[in-house]
Amino acid sequence: MLDSKKLRKDTEETILNLNRRGFHFDLNKWEKLESQRKELQSFNENQQSKLNNLSKQIGQAKKEKEDTEGLQKDATKLTTEIKELTKKLDKLLDEINDFVMSVPNLIDEDVPDGKDETENLEIRKYSSPRKFNFTPKDHLELGDNKGIDMEAGAKITGSRFKVLKKEIAQLQRALLNFMLDTHVGDHGYEEVYVPYIVNQDSLLGTGQLPKFEEDLFKLDGKNPFYLTSTAEVPVTNLLRDEILESNNLPVKYVCHTPCFRSEAGSYGKDTKGIMRLHQFEKVELVQAVESSDSEEALEELTGHAEAILKKLELPYRVVSLCSGDIGFSSAKTYDLEVWIPSQETYREISSCSNFRDFQARRMKARWKNNKDNSTELLNTINGSGLALSRTVLAVLENFQEEDGSVTVPDSLRSYLGKDKILSF
């Protein structure tokens, strides 16, 4: 969440930044809430001052053995009034907190302006798309009766669920182990295993709640639990309510989890195949750093995600999301988009974001500055390294052969134990 002090001090500057997103900041409501807060706080402080003076008078009167009954009645009445005022103030502060929680993060100055994904800025490309001497098949044609069974997923659960079998299930497992080994061994991340079910506080901490509840799968029961939409949620919340020593920074976690999303608002998009599912796998990268290191950390983490694509020899590009397409909690985001031959276009396979202190303020995630013994908010960065279903799709389509078989990328052969799949 945004810093309320900055909102009060730099209201106009904040509104201008939010306008770049296309977000309407309700200035009238904010000013009304702030006016009420100032009035209540001032009056409460005034009453507390009166009570303090009365307490001194009572103490002095007792010392001089004078009657204090009248003073004590006044003090009791004032104490009751202060309690009621405090309740009103607490309720108002909760309302202000709810208002601030609904406001997205401020975006960095170098985020390109634009209304939607069509105006994202291409930063760089890696490799050129393969030129086929035959008409390439899509991943469903390649996997038909050989490992991708959408009908079985629909029978077991419903639409947008998949069953992977045989060599394609093995391909996903090989990719998973390859990604984790690379990020741990080459990039220095600590692997963690976390719950797949999270509570409200965790989702509030990373910004999925309250705004995006309709995208989540909420579990019925006494406690408000949710299936995690991304490993970002449980992994980043390892830092919630923690104060880290500066010599323990940066924190670098890598984690594999299934992800569950209702995909509200995406009706009609990518309904065919495994591009967009209600359940899918991801390997997630999370870093926590000092504020002065967050820009460098975003570049590093993005490079780590790119390294997987490079090792897999998949053509891709990096785009900087424009102001109208960037996520609610993000200050800056790079999307990695892999080439999909059947669609003849690049599609997102990883999103790498710098949240600055937006998530840390919600989570009270801090680090201790040993120079002056102060505590400061962490900056959090995360990205997919990579999304597994889309990587499976990209490998199948980019490495397919005319006979319907798929050549296994060199970096995966030791994990799969073969150099070709679907060759029957």
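D90 is partly exposed, with 41% relative accessible area, where partly exposed covers the range between buried (under 20%) and exposed (over 50%), using a 1.4 Å probe and protein chains only. This residue, D90, belongs to helix α4, which spans residues 69-101; helices here are DSSP runs of H or I with at least four residues, strands are E runs of at least two, and both are numbered from the N terminus. Bear in mind that this is a predicted model, in which local features need pLDDT of at least 70 and side-chain atom pairs count only at pLDDT 80 or more, while totals for chains, interfaces and linings use all residues. Residue numbers start from 1 along each chain as its sequence is written, and side-chain values use heavy atoms, with hydrogens and water left out.

**D90 and T206**
- Between D90 and T206 there are 24 Å in space, going C-alpha to C-alpha, and 116 residues in sequence.

- A bit of background: most peptide bonds are trans, and most residues other than glycine have a negative phi.
- Going from L209 to P210, the peptide bond is cis, with omega near 5°. You'll find P210 in the loop that joins α8 (200-206) and β6 (217-218).
- Another cis peptide bond runs from L249 to P250, and its omega is near 0°. P250 sits in the loop between β8 (243-245) and β9 (251-260).
- S127 isn't a glycine, yet its phi is positive, at about 65°. Look for S127 in the loop between β1 (121-126) and α5 (139-143); with 42% relative accessibility, S127 is partly exposed.
- N373 is also a residue other than glycine with a positive phi, near 65°. Its loop lies between β14 (366-369) and β15 (374-377), and N373 counts as exposed because its relative accessibility is 53%.

**Aromatic rings**
- The structure has ten aromatic pairs, meaning Phe, Tyr or Trp rings (the six-membered one for Trp) whose centres lie within 6.5 Å; planes under 30 degrees apart are stacked, over 60 edge-to-face, and the rest tilted.
- One of those pairs is Y126 with Y316, which is stacked at 5.3 Å centre to centre with 25° between the planes. This pair links distant parts of the chain, with Y126 in strand β1 and Y316 in strand β11 (residues 316-320), 190 residues apart.
- Y316 is buried, at 1% relative accessible area, whereas Y126 is partly exposed at 30%.
- F25, W30 and F99 make up one aromatic cluster.

**A charge over a ring**
- K252 has its charged end over the ring of Y189, 4.9 Å from the ring centre. The cut-offs for this are NZ of Lys or CZ of Arg within 6 Å of the ring centre and within 35 degrees of the ring normal.

**Around D108**
- D108 is in the loop between α4 and β1, and D108 counts as buried because its relative accessible area is 13%.
- Leaving out residues up to four places away in sequence, D108 touches R20, A331, K332 and R356; a contact here is heavy atoms within 4.5 Å.
- With R356, the link is a side-chain to side-chain polar contact from D108, at 3.0 Å. A polar contact is a pair of N or O atoms within 3.5 Å; within protein, one must be able to donate a hydrogen and the other to accept it, and residues adjacent in sequence count only if both atoms are side-chain atoms.
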